[in-house]
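Reader: Please take a close look at one part of this model, the aromatic residues and the pocket beside them. Keep it brisk.

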Amino acid sequence: MPKSNQIGFLVDELSASQLSFNLIKNINDYSENSHDDFVVFFENSTSSILNPNFSLMSLNEMWSFGGCLIATNMSTANSLRKCFAPKKKFFYVWDLEWTRRHGRDFEFSIQAFSDPSIELIARSKDHAKAIENYCNRKVKTIVRDFNIEKLVRIINE
């Protein structure tokens, strides 16, 4: 029997968005033939764009989660920085949100990227270059549109 993982994703919400659609669809598709256990932790409770075939929990439940956690925005990455429970921590930089902040809250923004215990994952080569220029840290790898199979491989490295 293949190795089973506990994998949690930290999101703002699951309402209609490209992030929500790709995340839910890809976890649902991948988990049909997998023994991995997926949980999505949300900051804000909303209706889901698709019916998830996995657990949904409030973000405050992540503190007792012993698997690997993957943040998807600066807010969830900053919450992940303070969490001691996960085996591994990743920040899948879905959006280059600091580019719209116009210098405000630089300390908040840069802390999301600078914690050495959190590995950075980008969506594209262009995103990786922008992330590395912004925070002076190397991106571990590139994963397009929540490719769950590739994310599971990265977690198992």
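**A tryptophan and its surroundings**

Author: Trp-94 is buried, at 8% relative accessibility. This comes from a predicted model. Tyr-92 is also buried, with a relative accessibility of 0%.

Aromatic pairs come next. The structure has eleven of them. In one, Tyr-30 and Phe-38 have ring centres 5.9 Å apart and planes at 90°, so they meet edge-to-face. Another joins Tyr-92 and Trp-94: their centres are 5.9 Å apart and their planes stand at 80°, so this pair is edge-to-face too. Phe-38 is buried, at 3% relative accessible area.

The charged end of Arg-123 sits over the Trp-94 ring, 3.6 Å from the ring centre.

A separate group deserves mention. Phe-91, Trp-98, Phe-106, Phe-113 and Tyr-134 make up one aromatic cluster.

The largest pocket holds about 270 Å³ of space. It is lined by 15 residues, and the closest to its centre are Asp-12, Leu-19, Thr-72, Asn-73 and Trp-94. Helix α1 gives the largest share of the lining, three residues. By type, the lining has seven polar, four charged and four nonpolar residues.

Asp-36 lies in the loop between α1 (18–31) and β2 (37–42). Asp-36 is buried, at 11% relative accessible area. A polar atom of the Asp-36 side chain lies 2.8 Å from the backbone nitrogen of Asn-5. The C-alpha atoms of Asp-36 and Val-152 are 8.9 Å apart, although 116 residues separate the two along the chain.

Terms used. Residues numbered from 1 in each chain as written. Predicted model: local features only at pLDDT ≥ 70, side-chain atom pairs only at ≥ 80, totals over all residues. Heavy atoms only, no water. Helix = DSSP H or I, 4+ residues; strand = E, 2+ residues; numbered from the N terminus. Buried < 20%, exposed > 50% of the residue type's maximum accessible area, 1.4 Å probe, protein only. Polar contact = N/O pair within 3.5 Å; in protein donor to acceptor, adjacent residues only side chain to side chain. 1 Å grid on protein atoms, 1.4 Å probe; cavity = no way out; pocket = protein on both sides within 12 Å on 5 of 7 lines; lining within 4 Å. Points joined across faces, edges and corners; volume = space filled by probe spheres on them. Nonpolar A, V, L, I, M, F, W, Y, C, P; charged D, E, K, R; others polar. Phe/Tyr/Trp six-rings, centres within 6.5 Å; stacked < 30°, edge-to-face > 60°. Lys NZ or Arg CZ within 6 Å of the ring centre and 35° of its normal.
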